[in-house]
Amino acid sequence: MVKPALFCYIDSPMTTLATLPLSHYQLFQTGDVDEARECVARIFCPHGLHVARPDTALDARHHSVRLHQDVSLNYVQYGPEVRIDPGYLGDFYLLQIPLRGGASIRCGKQQVLADTRTASLPSPTEPLSMVWADDSPHLIVRFSRQALQRQFEQLAQMPLVLPLVFDLAVPLDAPTLAPVLNFVHYLCATVDADPALCGTALAAQAESYLLTSLLTL
């Protein structure tokens with residue numbers, strides 16, 4: 001088993017860990033808000049994290065693995081309802097797929113109620129705030145902003161003048177999106193079964209496919 005690149009704090013019941021996505025890449029599990037915020041920030045960015053009901057216990061967990069250089073796969077859960085305030089993401093885009101429950105996402109002037117039928121795709125140049133509902137674990141694909149811009153310029157054969165800003169709502173039941181979603185789930189299962197895939201030429205091709213799909217869809 002390949003050890004994760006980041007280790008914060010782990011206290012996981014073995015009966016549940018193996019059933020979660022990317023279970024071989026657990027970074028932490030904690031009930032402490034400050035610890036969860038600090039650990040998640042190391043993969044994403046500094047942010048505010050607040051439990052909606054102070055009397056409820058946090059059950060935060062983050063699994064994360066980088067495919068090659070520009071894309072990482074993540075499983076994130078918090079347990080009870082939380083408010084997350086990243087501000088500007090800066091150097092990455094996020095495709096956030098709720099596995100259960102849902103979330104209210106505001107990015108710039110756009111807003112979406114994400115659920116198992118609608119994902120969210122916040123852009124890094126727009127201010128972001130989120131409220132994740134109770135029991136709303138997410139599968140999150142993190143895309144490098146630089147790589148996405150580079151891929152756009154290669155496809156368009158022209159320089160990028162303005163920042164790329166996507167529609168915030170991503171309808172998961174759209175037929176054109178099904179191959180990409182199936183591929184994301186396939187990658188999660190594959191890297192869990194064979195960690196040696198990460199960092200290989202095949203992983204680089206997978207990243208290129210995901211970046212191109214995000215732009216063309």
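**Cysteines, helix packing and some buried residues**

Q: Let's start with the cysteines: how far is the sulfur of Cys-188 from the closest cysteine sulfur?
A: This is a predicted model in which local features need pLDDT of at least 70 and side-chain atom pairs count only at pLDDT 80 or more, while totals for chains, interfaces and linings use all residues. Residues are numbered from 1 along each chain as its sequence is written, and side-chain values use heavy atoms, with hydrogens and water left out. The closest cysteine sulfur to that of Cys-188 belongs to Cys-198, and it is too far for a bond, at 10 Å.

Q: How many disulfides does the structure hold?
A: A disulfide is a pair of cysteine sulfur atoms within 2.5 Å. Cys-198 is in none, since its nearest cysteine sulfur, that of Cys-188, is 10 Å away. The number of disulfides in the structure is zero.

Q: Is Cys-188 buried or exposed?
A: Buried means under 20% relative accessible area, exposed over 50% and partly exposed in between (1.4 Å probe, protein chains only). With a relative accessible area of 6%, Cys-188 is therefore buried.

Q: How are α3 and α5 oriented to each other?
A: Helices (H or I, at least four residues) and strands (E, at least two) are DSSP runs, numbered from the N terminus; axes are lines fitted to C-alpha atoms, for helices over the stretch in contact, with angles from 0 to 180 degrees between N-to-C directions. Helix α3 (residues 145-156) packs on helix α5 (residues 201-216) at about 70°, with the axes 10 Å apart. Angles under 35 degrees count as roughly parallel, over 145 as roughly antiparallel, 65 to 115 as roughly perpendicular and the rest as oblique. The two helices α3 and α5 are therefore roughly perpendicular.

Q: Which handedness does the crossing of α3 and α5 have?
A: A crossing is left-handed if the near helix is turned anticlockwise from the far one by less than a right angle, and right-handed if clockwise. The crossing of α3 and α5 is right-handed.

Q: How are α4 and α5 oriented to each other?
A: Helix α4 (residues 178-193) packs against α5 at an angle of about 150°, with axes 11 Å apart. The crossing of α4 and α5 is left-handed. By the angle, α4 and α5 are therefore roughly antiparallel.

Q: In which strand does Gln-96 lie?
A: At 2% relative accessibility, Gln-96 is buried. Beyond its neighbours within four places in sequence, Gln-96 contacts residues including Trp-132, His-138 and Ile-140. Its strand, residues 92-98, is β6.

Q: What is the phi of Leu-22?
A: Leu-22 lies in the loop between α1 (14-17) and β1 (26-30), and at 0% relative accessibility Leu-22 is buried. Leu-22 is not a glycine, yet its phi is positive, at about 55°.

Q: Where does Asp-135 lie?
A: Asp-135, a residue other than glycine, has a positive phi near 50°. At 41% relative accessibility, Asp-135 is partly exposed. Asp-135 lies in the loop between β10 (128-132) and β11 (138-144).

Notes. Contact means heavy atoms within 4.5 Å.
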